[in-house]
Amino acid sequence: MVEPVVFLDGKYLPLSDAKVGIMTHALHYGTGAFEGIRGNWNADDNKMYIFRLREHYERMLTGAKLLWMNVPYSLDELCQITVEVIERSGFTQDVYICPMAYKGEEGVANLNLRALKDSFMCLAIPFGNYIEAEGALKCEVASWRRVDDTMIPPRFKLAGIYLNSILAKTDALARGFAEAIMLNQDGHVCEGTGENIFFVRGNSVATPSLESNVLPGITRAHRHGTAPDRAGHAGGGAAGGPERALHVGRGVPHRHGRPHSGRGPCGPPAGGQRRHWPGDAATARPLFRHRSREEPQVPALQHHRVAACGRAVDGA
Ligand SMILES: Cc1ncc(COP(=O)(O)O)c(C=O)c1O
């Protein structure tokens, strides 16, 4: 495969030429607002379909503002940069696109965000399923709690926050689980380490509300709508505690406009006993309908279409 092309501070470069210094502020302190965006390759029409590109950048730009950053590109320009990264790299497979606005200042021991230079980069890597598993996922309830809004705003993908997810995920993997379910400070189910959680009850689907400290996922909004009475209706402020999830429905983690490979749901939170729930693929499957092959037929998705070697078409 040809070497991927990345965008770094105004230049398109081969990946191996794109470097940052060891004193880069974001490296030391996690001062970055990033995104994770799915590009789903459709071999039938030879195009990459990028899942909700604008929405991801809107979230990134708001997170960047929170970190006192001025990203020197408009929303349209960011989308265009991304399309160009994909085109120049010549990907013909599913990718994961990782743009990041970050404090690129080469300076440590300075905790004043306002005094630090901003940088922006965008890269994409070939990427398949986030969690490789068939059938139900065996999940544990993390002993680490999800960061609270009073600590670091959990509504954006701020780089430093991910230590929270990474600790939980690593613990789960080390103990033989596929994923960890994180509770919030109140002990209510919040989300997975890198995905929102949905509960299937009969014909309805519920998800923890924004007040539970979840990341307001683009997939979550797409699946569920953003109205407060829809999101989180399983249990007021949150979708209920682990016991409630266990008894009322099936937990289904969902990430990045594309499901984990297991078509069944994840098991419910297991509490101290680490139980896991056998899946029911039939119930979970409707959530996972828009695989890449089907996406062009779903106008509401507002994808950015990228011809493999051609112009980008905004929207679907
Ligand atoms: C902690 C966390 N929650 C939820 C999500 C799902 O967000 P989205 O649907 O916008 O990809 C992600 C995505 O990476 C995440 O990292």
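**Sheet, helix packing and loop geometry in a predicted model**

An open sheet of 3 strands has the strand order 8-9-10 and mixed pairing. Its edge strands, each of which pairs on one side only, are strand 8 (139–141) and strand 10 (189–192). From one strand to the next the twist averages 30°. Helices (H or I, at least four residues) and strands (E, at least two) are DSSP runs, numbered from the N terminus, and two strands pair if DSSP finds at least two bridges between them. The model is predicted: local features need pLDDT of at least 70, side-chain atom pairs count only at pLDDT 80 or more, and totals for chains, interfaces and linings use all residues. Residues are numbered from 1 along each chain as its sequence is written.

The protein chain contains 7 helices and 15 strands. Of its 316 residues, 46% count as buried; a residue is buried if 20 or more other C-beta atoms lie within 10 Å of its own, exposed if 12 or fewer, and partly exposed in between, with C-beta atoms placed from the backbone. Among contacts in the protein chain with a separation of 6 or more, 68% are between residues 24 or more positions apart. Two residues are in contact if their C-beta atoms, placed from the backbone, lie within 7 Å.

Strands of a sheet pair through backbone hydrogen bonds, either parallel or antiparallel. Strand 8 pairs with strand 9 (residues 179–183) in the parallel sense over 3 bridges, and V141 has I181 of strand 9 as its bridge partner. Helix 4 (residues 162–174) packs on the sheet and touches strand 8 and strand 9; the direction of helix 4 makes about 135° with that of strand 9. Such angles run from 0 to 180 degrees between N-to-C directions, and axes are lines fitted to C-alpha atoms, for helices over the stretch in contact. Strand 8, helix 4 and strand 9 form a right-handed β-α-β unit; a crossover is right-handed if, with the strands pointing away from the viewer, the path from the first strand over the helix to the second runs clockwise.

Strand 9 is mostly covered, with 5 of its 5 residues buried. In a regular strand the side chains alternate between the two faces of the sheet. Both faces of strand 9 are covered, by the criterion that E179, I181 and L183 on one side and A180 and M182 on the other are all buried. Strand 9 and strand 10 run antiparallel and are joined by 3 bridges, and the bridge partner of M182 in strand 10 is E191. The hairpin of these two strands has 5 residues between the strands, and G187 there takes a positive phi near 90°.

A second hairpin is formed by strand 4 and strand 5, with 4 residues between them; N46 in the turn has a positive phi of about 60°. Strand 4 (residues 37–42) and strand 5 pair in the antiparallel sense over 4 bridges, with W41 opposite M48 in strand 5. Strand 5 (residues 47–50) is covered on both faces: K47 and Y49 on one side and M48 and I50 on the other are all buried.

R52 has a positive phi of about 50° although it is not a glycine, and R52 is buried, with 21 other C-beta atoms within 10 Å. D9 also has a positive phi, near 45°, and is a residue other than glycine. D9 lies in the loop between strand 1 (5–8) and strand 2 (11–14) and is partly exposed, with 14 other C-beta atoms within 10 Å. Most residues other than glycine have a negative phi, and most peptide bonds are trans.

Helix 2 (residues 53–66) and helix 3 (residues 75–89) pack at an angle of about 120°, with their axes 10 Å apart. Helix 2 is therefore oblique to helix 3; angles under 35 degrees count as roughly parallel, over 145 as roughly antiparallel, 65 to 115 as roughly perpendicular and the rest as oblique. The crossing of the two helices is right-handed, where a crossing is left-handed if the near helix is turned anticlockwise from the far one by less than a right angle, and right-handed if clockwise. The contact involves L53, R54, Y57, E58 and L61 of helix 2 and L75, L78, C79 and T82 of helix 3.

L66 also lies in helix 2 and counts as partly exposed, with 15 C-beta neighbours inside 10 Å. L66 touches P153 and F156, not counting residues up to four places away in sequence. L66 and A33 are 33 residues apart in sequence, and their C-alpha atoms are 9.0 Å apart in space.
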